[in-house]
Amino acid sequence: MTSVALLSNPQSTGNRAKLPDIRHFCVQESDIFHYEVEAVEQIGDALSSIAKTRPSVLVVNGGDGTVQTVLTALYTGQYFEKHMVPPVAVLPNGKTNLIALDLGAEGDPVIALKKIMEISRGEIKNHIVKRELIALSDDSGKPPVLGMFLGGAGLADLIIYCRDTIYPLGLPNGISHVIAAFALLISLFTRVPLAFLPRSARPISVSLIRQGQIKGNFSLLVVTTLERLLVGTHVFQQTPQDMGSMKLMMVDQNPFHLIHAVAVGIAGRLGKRNIKGVHLEQGDEILIAGERSNLILDGEVFHADNEHPITLRHTEPISFVKLAV
């Protein structure tokens, strides 16, 4: 049995700089099986080879699309025997690193990989956490796409704006995100459609099967099974599990409501009291419709409109490795 199987996508942005260091580290370790793919379409073949080594941990080293494809493949159960699916660890090598951050992996991916190796050789059960996935489906008849973080409304438009306008400038991720955040605030305050600013959010309706419907224009829409949000704080105070495992947060398209929500989130008080313009819910099935509204599930863009809504459901949990107990 291999201690760790590492699946790398050299095409991801972070790997362009860090992959040589990761390769060097793997050469020095005898119990790492390192498999590199050139495109996400090769991940199925990679998992077939990895399954033969029976790893105690599967480490994903790539961007959001790589992580999403691996999780979808693992959940379909095509590659590992029943009860032999290894827990998953994620290196912080993408643009947003939300899943990696939720699992305690941040900073240098080589250092994170070293920690994962140490965990795999010790009491790994102390580092196992369960996370459910979000299954996104539409009326196309295609199999659902699986992920852990969905952004919609103004947030999705901001991510697309950052990807298309800010990232090509070649700036560090942190600076890029700050510039994008300021652009969003300018757009919210001015409400004037300008080509160099993110587009204004379009009307959207969100229906929680048991809790009812919420309609409006929102600067922020998040559905996640993670414990932490973009600002690194807990999503919000937990409600009873029978309310559903998918956490929903929406903020009205108002700059003051958005700033207040972010400040409360950073202070760790989100969900402890009602905040004007902030909607916090949990559900096990969520329906999203709108006027050609953008949705992004772990980096992949989808569109919801009134005739073709998007449905979100939760899945059975998958095991992950959390670096910090």
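## Salt bridges

Let's start with a charged pair: Glu 36 and Arg 23 form a salt bridge, with their closest N and O atoms 2.8 Å apart. Glu 36 belongs to strand E2 (residues 32-36) and Arg 23 to helix H1 (residues 15-28), so this pair ties together parts that are 13 residues apart in sequence. Please keep in mind that the model is predicted. The structure holds five salt bridges.

Another of them brings together the side chains of Asp 31 and Arg 121, at 3.0 Å from N to O. Here the link spans 90 residues, from the loop between H1 and E2 to the loop between H5 and strand E5 (128-131). Asp 31 is partly exposed at 21% relative accessibility, and Arg 121 is partly exposed at 48%. Arg 313 in turn forms a salt bridge with Glu 285, the closest N and O atoms being 3.2 Å apart. Since Arg 313 lies in strand E17 (residues 310-314) and Glu 285 in strand E14 (residues 285-290), the pair ties together parts 28 residues apart in sequence.

Three bridges join E6 (residues 134-137) to E7, and Leu 136 stands opposite Val 145 in E7.

## Nonpolar cores

The largest nonpolar core has 70 residues, of which Val 59 and Phe 320 touch the most other members. Helix H5 (residues 109-120) supplies the largest share, six residues. A second, separate core of 23 residues includes Ile 134, Val 145, Val 223 and Ala 304.

How values were computed:
Residues numbered from 1 in each chain as written. Predicted model: local features only at pLDDT ≥ 70, side-chain atom pairs only at ≥ 80, totals over all residues. Heavy atoms only, no water. Pairing = 2+ DSSP bridges. Helix = DSSP H or I, 4+ residues; strand = E, 2+ residues; numbered from the N terminus. Core = buried A, V, L, I, M, F, W, Y, C linked by side-chain atoms within 4.5 Å. Buried < 20%, exposed > 50% of the residue type's maximum accessible area, 1.4 Å probe, protein only. Salt bridge = Lys/Arg side-chain N within 4 Å of Asp/Glu carboxyl O.
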